[in-house]
Each structure stands twice: as C-alpha cells, then as structure tokens.
Amino acid sequence: MVDYGSFPPYNYAKPLTSPLLFIIYPSTFIIPDMVLVFAESQRGHLKKAALEAVTYGKKVADLMGTSCVALTLGAVNGADELGRYGASRVLNTSNATFDNFDSQTYSAAIAQVAKENDATVIILSHTSTGKAIAGRLSVRLHAGLVSGVNGLPTVKDGALSVKKSVFSGKAIAEYEVGGAVKVLSLMGNAVKPEVTGGVVAVETVAVEVANSRIRVKEVKTQEGTVPLPEAEIVVSAGRGMKGPENWGIVENLAATLGATTACSRPVADTHWRPHHEHVGQTGIAIRPNLYIAIGISGAIQHLAGVNNSKVIVVINKDPEAPFFKAADYGVVGDLFEVVPQLNEAFKKFKAGN
Amino acid sequence: MKLLVCISQTPDTTAKISFNADGTQFNAAGVQFIMNPYDEWYALVRACELREALGGSVTALNVGPAANETTIRKALAIGADEAVRINAEPPSAGFVAKQIAEYAKAENFDIIFFGKETIDHNGSEVGAMVAEHLDLPYVSYASKLDLNGNTATLERDIEGGVEVLELDLPFVVSAAKGMAEQRIPNMRGIMSARTKPLKEVQPVGYENTVKTVAFTLPPAKAGVKLIQPDQMDELVRLLHEEAKVI
C-alpha cells in the first residue's frame with residue numbers, strides 16, 4: 001500500500017486533488033496500489049509467458065493485498081482469458097504501431113498505463129520482448145528492477161525481496177527492491193499458469209506514443225513448434241549423432257513427447273542444425289521440466305544454458321562424459337540403439353495413459 | 001563512425017563460484033576474471049570491423065575499479081582506439097547505466113554496443129536502461145548488424161527464430177552469437193594497447209533502490225541414477241512416478 005503520510009510517494013506523484021479519495025478511504029489516507037502485468041502476444045495470440053506472468057502477478061498482488069491488472073498491446077485474440085489466470089481487469093490498446101515490436105513504443109505505453117493506474121509493481125516476462133523493455137521501463141518509472149526472477153517475492157514494509165539465478169545457473173541471488181515502483185521480469189517455466197477466476201471483459205485504453213523508429217522487415221520463425229524457452233520438454237542432441245542425416249531418431253522422440261528439439265554448440269556451428277536450436281551459454285538458456293541430452297558431453301558452457309532444467313536425462317556412450325555429473329538419470333550406451341528404444345517405451349506409456 | 005562498446009568484467013566461465021560465510025560477498029580468491037564473452041566476442045569485434053570498413057573510432061568503456069584495467073587493456077589490444085573507466089564499484093545495473101548514459105550523452109556516438117547479457121548477473125538490463133536515458137532506439141540480442149550509410153539492418157534473436165529490422169543511426173544494440181567471430185589479440189595489438197589512452201572518469205550520483213541481500217549455491221544434485229540401456233521402460237516409469245515430469 002502506498003502511504004500518503006510520506007508524500008510524495010512517487011517520482012511521478014499526482015497531487016491528491018480529489019476529495020473523493022477521502023470519502024472512499026477516510027480513515028487511512030491510503031489508496032490501493034496495483035500490480036500491472038504486461039501480457040505478451042505474438043501474431044494476435046497470447047504467449048504462454050503471458051499466462052505465467054498473470055498467474056505470477058496475481059500471486060504477488062495477493063501478497064500485497066491488492067489487485068492484478070493485465071495489459072495487452074496491439075490486436076490480441078482472447079485477451080479476456082487473462083481474467084481466468086487472475087487479472088481483475090484486462091486493458092488493451094491496439095494502436096497499429098504495436099503490431100511491430102519496438103522497446104521504445106512498448107515501454108512508453110506500459111509506463112503511461114502504469115502511471116495512470118498508480119501501479120506499484122510491474123511484471124514482465126523475461127523473454128526477448130521483456131528483456132528489451134525491462135531496463136527502459138525501470139528508467140522511465142524511476143523503478144528498481146530485478147530481471148529473470150524465478151520465485152515469489154516476500155513483501156516487507158513496502159520493499160520486495162526476490163530471488164533469481166545468477167552466474168549462469170551456478171548460484172542464486174536474493175535482491176531487495178525498495179522505492180515506490182518496482183519492475184520484475186519473470187523467467188519462463190518458473191510458474192505454471194493457474195486458472196483461478198473467470199474471463200473479464202477487455203477495456204480499451206488510449207495511450208499516446210511517438211511513432212516507432214524501427215522498421216520491421218521480416219519475422220522468420222518456425223511454425224507449429226513450441227519455442228525453446230517455452231518448451232516443457234526439450235530433446236537435445238550433440239556431436240555424438242555423427243551427422244545431420246541421423247536426426248530422425250531425435251525428431252521421432254521429440255514428436256512422441258510433444259517436445260521441442262535443441263542442439264549443442266558444435267552442431268549449430270557446423271550447420272547440422274539451425275542456429276536458433278542452439279542451447280547453452282552462447283545460445284539460448286532454457287529451463288524445461290525435462291531435458292533429454294543425447295550424445296552431448298556436457299561442457300560447462302553447455303551446462304550454463306540448461307542447468308536450471310528440473311530433470312536432466314543424459315544418454316551417452318562415454319561413462320566419463322561430464323554431463324553425467326549434472327544429470328538426474330543417465331544411460332551409458334549407444335544412442336543409436338537407446339534412443340529408438342526410449343521412443344518405443346514412451347509410446348507404450350502414452351498409449352497406456 | 002563513432003562507436004562505443006560497453007564492457008563488463010566477469011568471473012571466467014569455468015570459475016568455481018563461491019561466497020563468504022554469510023553469502024554477502026563473492027569469493028574472488030583464485031578466480032580468474034575475463035571480459036564478459038558477449039561484450040568481447042561479438043560487440044567489440046563487430047565495432048572494430050565497422051571502424052575498419054568505414055573509419056572512425058571505437059571507445060571501450062567500463063564502469064569499475066582500477067583492478068579492471070587489465071580487462072580494459074585487452075579491449076584495446078583487440079582493437080579499440082581508446083578506453084574510458086568510470087571509477088566505481090557498481091552496486092546495481094541501474095547505477096552502471098546511469099554512469100554510461102552520463103558519459104555518452106555529450107559524445108554523440110553513432111552506435112552504443114553491449115553484449116546480450118553478462119555471464120554473472122544474467123540480467124540483460126543495462127543496454128535498455130542506457131537507451132532510455134538517451135532516448136535512443138534499442139535492438140537487443142542482435143545476431144547480425146550491417147550498415148549502409150546511415151541505415152542499419154539487423155537481425156534480432158526472438159523465440160524460435162529471428163526478426164529482420166532496419167533503423168537509422170544513432171541507436172543502442174546488444175550483441176549475440178553470430179554478429180562477429182572471436183578475435184585473439186595479436187602481438188602488435190597487445191603492444192599498442194599499452195600506449196593507447198585510458199581515461200578515468202569519476203561517477204555521478206545515483207539513488208540505488210536495488211540491493212543484493214545474499215548469494216546462495218543451488219542445492220546439490222542427488223547424483224545420477226544410471227539405467228541400463230535395455231531398461232527404457234524403467235526410465236519412463238521413473239520419469240513418470242519419481243520425477244513426475246511426464
């Protein structure tokens with residue numbers, strides 16, 4: 001809650017002009033603060049990260065004794081669904097400028113809505129979009145920022161304490177964020193989307209932003225597969241595959257599991273697999289529920305991108321592969337025999353469940 | 001072409017990470033420090049390539065104590081023309097961004113480069129903050145950057161693919177794998193780095209609201225459970241019943 005006894009509580013403080021506030025809150029001199037969640041969409045559809053962020057925002061709002069409001073930018077189908085994940089209001093502004101991503105126009109719009117609604121905590125997703133916005137927004141709102149949080153904060157005297165993974169997964173840091181406004185970005189797969197309410201009607205809000213200085217020419221993405229950072233199961237393979245022509249067994253296993261395929265750095269560097277499949281320190285950092293590593297030795301640079309996976313299965317013919325030290329389950333064997341057998345075992349399991 | 005490359009110093013990728021007993025201080029004993037790999041391999045090298053093709057200058061900037069000068073000299077050895085160190089032990093990303101923005105606002109750089117994130121804080125925060133301070137466009141996780149006159153064409157890594165975009169100078173960019181190839185400094189570079197200018201600048205005030213309370217190490221893994229290669233049904237059973245991930 002914002003205490004107006006210590007006025008001005010905001011860097012962008014609005015003076016108390018309306019006597020109405022005193023009628024509504026006559027005894028405490030406080031107004032309710034609010035958690036604002038920026039719910040990301042892509043091509044008019046909500047991302048999984050948006051549902052996670054709203055679920056998280058609702059939990060943060062509950063801790064603070066306040067409400068969670070979701071904001072979508074651009075044309076979005078089914079934004080009313082965000083009510084089911086805990087948003088008490090869903091706001092949208094569908095200016096055509098938001099059809100293309102620009103951190104500048106997006107953060108200007110989010111900041112404007114945050115100010116108009118006296119938001120004290122703003123939740124973003126730690127995605128390519130959220131990472132580009134978070135820093136801008138924190139400067140614009142004079143807010144403290146912690147990016148890539150992976151758990152709920154504790155709230156004490158208006159400050160939030162929250163944890164994130166640091167040193168590329170080798171340690172955890174806890175931060176305390178003071179100040180009137182805070183920005184948190186939520187790591188993917190850190191929170192499971194939870195349905196707690198019903199749909200709410202989308203309210204259209206107007207924002208004024210300058211035209212974007214970025215001209216998006218083309219967006220090249222894989223259709224029909226879950227992007228790696230969002231995937232709950234990832235099947236990843238390395239040099240042990242011996243050549244790109246052998247990837248069929250990996251793809252079959254991924255298809256059985258509804259998993260997304262990934263690869264190690266040497267595989268991407270030799271163009272056996274596309275660059276966007278590369279997980280590891282220089283590639284993408286992921287944290288799926290299940291990471292199956294096939295024919296990957298587990299160099300420290302690879303581990304840095306996957307060591308936050310909940311469960312790691314390693315299949316490698318070399319019992320000395322360093323990856324086994326980071327694994328939960330290991331199979332020492334010839335991947336060309338083991339992977340098809342594992343696929344059959346999963347198929348049998350799926351058929352029986 | 002006036003280019004700024006902001007570099008961080010981080011523990012080496014393979015460094016053993018540990019902290020003092022109450023978790024408030026990183027234990028630097030025996031740790032080798034390096035230039036943050038994304039800053040070095042991609043941001044700095046691409047800036048040097050552009051300078052070589054188009055003329056101009058590359059300035060390397062670090063916000064840190066005097067002990068960072070070894071890392072800064074390496075940036076000069078790789079090819080930066082001059083360096084600036086803002087003398088501070090930075091308490092937060094917000095502090096670093098404020099210092100860089102204060103320095104850069106009088107200099108009118110055409111492009112301000114960052115690495116996509118540091119391998120210690122993994123925040124990816126400072127580039128966006130600097131862009132906002134300077135009211136400049138920001139392209140993050142760029143895996144390609146080409147210039148044609150005043151117009152740049154970039155590719156930006158997004159979930160499951162890339163976005164191709166165009167914008168005019170000046171702007172801020174964070175560099176990812178693909179933008180350039182790592183360069184090993186040669187002897188001439190190392191020698192000339194000794195005499196290139198390295199200027200020290202004093203920091204400006206900043207009201208910090210983000211405090212690191214404590215570091216902890218993640219819980220140790222219980223150890224790998226080995227399954228015989230002909231027991232894949234058993235592995236599936238364990239993943240379902242024990243790990244509960246399928």
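These questions and answers walk through a predicted model of chains A and B.

Reader: Into which domains is chain A divided, and how far apart do their C-alpha centres lie?
Author: Chain A is divided into domain 1, residues 32-204, and domain 2, residues 228-352. Their contact takes 9 residues from domain 1 of chain A and 9 residues from domain 2 of chain A. The C-alpha centres of the two domains lie apart by 31 Å.

Reader: Which residue classes make up the side of domain 1 of chain A that touches domain 2 of chain A?
Author: That side of domain 1 of chain A supplies 9 residues to the contact. They divide into 2 nonpolar, 6 polar and 1 charged.

Reader: What separates the C-alpha atoms of Ala96(A) and Val338(A)?
Author: Along the chain, Ala96(A) and Val338(A) are 242 residues apart.

Reader: Which helix gives the largest share of the side of chain A that touches chain B?
Author: The contact takes 77 residues from chain A and 64 residues from chain B. By class, the chain A side has 33 nonpolar, 28 polar and 16 charged residues. The largest share, 10 residues, comes from residues 128-140 of chain A, helix H4.

Reader: What are the edge strands of the 10-strand open sheet?
Author: The sheet runs in the order E15(A)-E9(B)-E8(B)-E7(B)-E10(B)-E6(B)-E1(B)-E4(B)-E5(B)-E11(B), with mixed pairing. An edge strand pairs on one side only. Here the edges are strand E15 (215-221) of chain A and strand E11 (198-201) of chain B.

Reader: Which residue in E9(B) stands opposite Val216(A)?
Author: E15(A) pairs with strand E9 (residues 161-168) of chain B. The pairing is antiparallel, over 6 bridges. Opposite Val216(A) stands Leu165(B).

Reader: What is the bridge partner of Arg85(B) in E11(B)?
Author: Strand E5 (residues 82-87) of chain B runs parallel to E11(B), joined by 4 bridges. The partner of Arg85(B) is Glu200(B).

Reader: At what angle does helix H3 of chain B run to E4(B)?
Author: H3(B) covers residues 93-104 and lies across several strands of chain B, including strand E1 (2-6), strand E6 (111-115) and E11. Strand E4 (57-64) is also one of them. The helix runs to E4(B) at about 145°.

Reader: How many of the 12 residues of H3(B) are buried?
Author: The helix reaches 16 Å from its first C-alpha to its last, close to the 16 Å expected. Its buried residues include Phe95(B), Lys98(B), Gln99(B) and Tyr103(B). H3(B) is mostly covered, and the buried count is 11.

Reader: What percentage of the residues of chain B count as buried?
Author: Chain B has 6 helices and 13 strands. Its C-alpha atoms fill a box of roughly 65 × 45 × 40 Å along the principal axes. Of its 246 residues, the buried share is 51%.

Methods
Residues numbered from 1 in each chain as written. Chains lettered and ligands numbered in written order. Predicted model: local features only at pLDDT ≥ 70, side-chain atom pairs only at ≥ 80, totals over all residues. Domains from an automatic or database assignment. Contact = placed C-beta atoms within 7 Å. Nonpolar A, V, L, I, M, F, W, Y, C, P; charged D, E, K, R; others polar. Pairing = 2+ DSSP bridges. Helix = DSSP H or I, 4+ residues; strand = E, 2+ residues; numbered from the N terminus. Axes fitted to C-alpha atoms, helices over the stretch in contact; angles between N-to-C directions. Expected span 1.5 Å × (residues − 1). Buried ≥ 20, exposed ≤ 12 C-beta atoms within 10 Å, placed from the backbone.
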